Amino acid sequence: MSFKKIFELLERFENIKNHGSAVEKEVVGWCLKKTNLDPKEISIKVRRPNIIISTRSASAKTVIFTAQNSLFKELRDKFGEKAPEKILFK
């Protein structure tokens, strides 16, 4: 097997090793796209089955709350059964 094939194989399993951080990156990207906040204004932690979102912006919380079904659909499609199921706001 060539090194390129080995590297491609290992790349596929990268997200499995760091599942929590991979989900957090997906959620952060989704939230920033929906709310147009600065990354410093929002904090996200994934504690399966919950996503904990901390921000001072009430309008951002409202946008995230109303569009949460699309986030959960994306996460289920990408991560399957291990995807978080609830959002908690802090």
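Which residues of the largest nonpolar core touch the most other members? The close-up views below start from that question, and the model they show is a predicted one.

**Figure 1. The whole protein, for orientation.** Before we zoom in, here is the fold in outline: the protein has 5 helices and 3 strands. Read from the N terminus on, the elements follow the order α-α-α-β-β-α-α-β. Of the 90 residues in the protein, 29% are buried. The accessible surface comes to about 6700 Å², and carbon and sulfur atoms account for 54% of that surface. Among contacts between residues at least 6 apart in sequence, 53% join residues at least 24 apart.

**Figure 2. The largest nonpolar core.** Here is the reply to the opening question: Val27, Cys31, Ile42, Ile51, Ile53 and Leu75 touch the most other members of this core, which has 21 residues. Two or more core residues come from each of H3, S1, strand S2 (50–55), helix H4 (58–66) and helix H5 (68–79). The top contributor is H3, which gives 6 residues. As background, nonpolar side chains in soluble globular proteins tend to be buried together.

**Figure 3. Ile42 and its neighbours.** This view stays with one of the core residues named above, Ile42. Leaving aside residues up to four places away in sequence, Ile42 touches Cys31, Leu32, Leu37, Ile53, Ser54, Thr55 and Ile64. Two of these partners, Cys31 and Ile53, are also on the list of core residues that touch the most other members.

Figure 4. Searching the whole structure turns up 2 salt bridges. In the one shown here, the side chains of Lys78 and Glu26 meet, with an N to O distance of 2.8 Å. Because Lys78 belongs to helix H5 and Glu26 to helix H3, the pair ties together parts that are 52 residues apart in sequence. Both partners are partly exposed: Lys78 has a relative accessible area of 46%, and Glu26 has one of 30%.

Figure 5. Lys73 pairs with Asp77 in a salt bridge whose closest N and O atoms are 3.2 Å apart. Both residues lie in helix H5, 4 residues apart, which is about one turn of the helix. Asp77 is exposed, at 58% relative accessible area.

**Figure 6. Gln68, a buried residue of helix H5.** Is Gln68 buried or exposed? Gln68, which lies in helix H5, has a relative accessible area of 17% and therefore counts as buried. Setting aside residues up to four places away in sequence, the contacts of Gln68 are Trp30 and Ile87.

**Figure 7. A nonpolar patch on the surface.** Now for the outside of the protein: Phe3, Ile6 and Leu10 form a nonpolar surface patch, and together they have about 350 Å² of accessible area. Phe3 has its place in helix H1 (residues 3–12). With 74% relative accessibility, Phe3 counts as exposed.

**Figure 8. Asn36 in its loop.** We finish with a backbone detail: although Asn36 is not a glycine, it has a positive phi of about 60°. Asn36 sits in the loop between helix H3 (19–35) and strand S1 (42–47). The relative accessible area of Asn36 is 67%, so this residue is exposed.

Methods:
Residues numbered from 1 in each chain as written. Predicted model: local features only at pLDDT ≥ 70, side-chain atom pairs only at ≥ 80, totals over all residues. Heavy atoms only, no water. Buried < 20%, exposed > 50% of the residue type's maximum accessible area, 1.4 Å probe, protein only. Patch = residues over 30% accessible without salt bridge, like charges linked within 9 Å, V, L, I, M, F, W, Y side chains within 5 Å. Areas by Shrake-Rupley, 256 points an atom, 1.4 Å probe, with all protein chains shown as cover. Salt bridge = Lys/Arg side-chain N within 4 Å of Asp/Glu carboxyl O. Core = buried A, V, L, I, M, F, W, Y, C linked by side-chain atoms within 4.5 Å. Contact = heavy atoms within 4.5 Å.
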